[in-house]
Amino acid sequence: MTTTAKDLLHDYLRGAREALVWKTEGLSEYDVRRPLTPTGTNLLGLVKHLAVGESRYLGDVFGRPFEPYLPWWDDDQPEDVDMWATPEEGRDEIIGTYRAASAHADETIRTLDLEATGYVPWWPSPHVTLHGVLVHVLSETSRHAGHADILREQLDGAAGMRAENSNLPERQQDSWNAYRAKVEAAAREAGK
């Protein structure tokens, strides 16, 4: 069986999506929404942001608008409204929107060739191919899944790709503590 470049990119995108959503599971409403960095980065906001990204990049850009329309990037919306969840927006609603936007994006990926052309009016070079946009969306999703991994680890120590595959070395907590202490000691020594 030969895997095409499109299939490979699509598989990695699906994996990054699932890693991101997994980071929201099992947390309280507060923890899934609360800002954990000075810039306000939060788990549910990352999901909401990527829902908009997939709907625009793998929908609108190729003449396949996603319904319902997600206004969160529109100029008349409050700044950064796509990066956090209001109290009225439910976790299931946001994750459901992300899954629906992803399914819509999957259909774009399935039906178009990598050389299919689209138009991204907000880019300096707006004429694009599905290949270029797919690489962009994969890169953004992986980047934000990495953010989510660090946020989740700060909350309760859960880290890795998926619940059934952390992709981390098998260690007991004492071993992780010793490893962290070794890294801290090296940083202090180098900082003298």
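Buried means under 20% relative accessible area and exposed over 50%, with partly exposed in between (1.4 Å probe, protein chains only). The model is predicted, so local features need pLDDT of at least 70 and side-chain atom pairs count only at pLDDT 80 or more, while totals for chains, interfaces and linings use all residues. Residues are numbered from 1 along each chain as its sequence is written, and side-chain values use heavy atoms, with hydrogens and water left out.

View 1. Helices are DSSP runs (H or I, at least four residues), numbered from the N terminus. H147 has a relative accessible area of 30% and is therefore partly exposed. Its C-alpha lies 8.9 Å from that of N42, although 105 residues separate H147 and N42 in sequence.

**View 2. The largest nonpolar core, with 24 residues.** A nonpolar core is a set of buried Ala, Val, Leu, Ile, Met, Phe, Trp, Tyr and Cys residues joined through side-chain atoms within 4.5 Å. The residues with the most contacts inside this core are L20, L43, L44, V47, L70 and Y98. Two or more residues each come from α1 (5–22), α3 (43–57), α4 (91–111) and α5 (130–156). Helix α3 gives the largest share, 7 residues. Apart from this core lies another, of 16 residues, which includes Y57, L114, L130 and V133.

**View 3. The contacts of L43.** Contact means heavy atoms within 4.5 Å. Leaving aside residues up to four places away in sequence, L43 touches K23, T24, L27, D31, V32, A148, L151 and L155.

**View 4. The largest pocket, with a volume of about 280 Å³.** On a 1 Å grid over the protein atoms alone, a pocket is an open set of points where a 1.4 Å probe fits, with protein on both sides within 12 Å along at least five of seven lines; lining residues have an atom within 4 Å of a point. The volume is the space filled by probe spheres set on the points. Among the lining residues are D149, E153, R171 and W176. Helices α5 and α6 (173–190) each give two or more residues to the lining. By class, the lining divides into 4 nonpolar, 4 polar and 4 charged residues; Ala, Val, Leu, Ile, Met, Phe, Trp, Tyr, Cys and Pro count as nonpolar, Asp, Glu, Lys and Arg as charged, and the others, Gly among them, as polar.

**View 5. The second largest pocket, with about 180 Å³ of space.** Its lining includes Y12, K23, S142, D149 and R162. Helices α1 and α5 each contribute two or more residues. The lining has 5 nonpolar, 4 polar and 3 charged residues.
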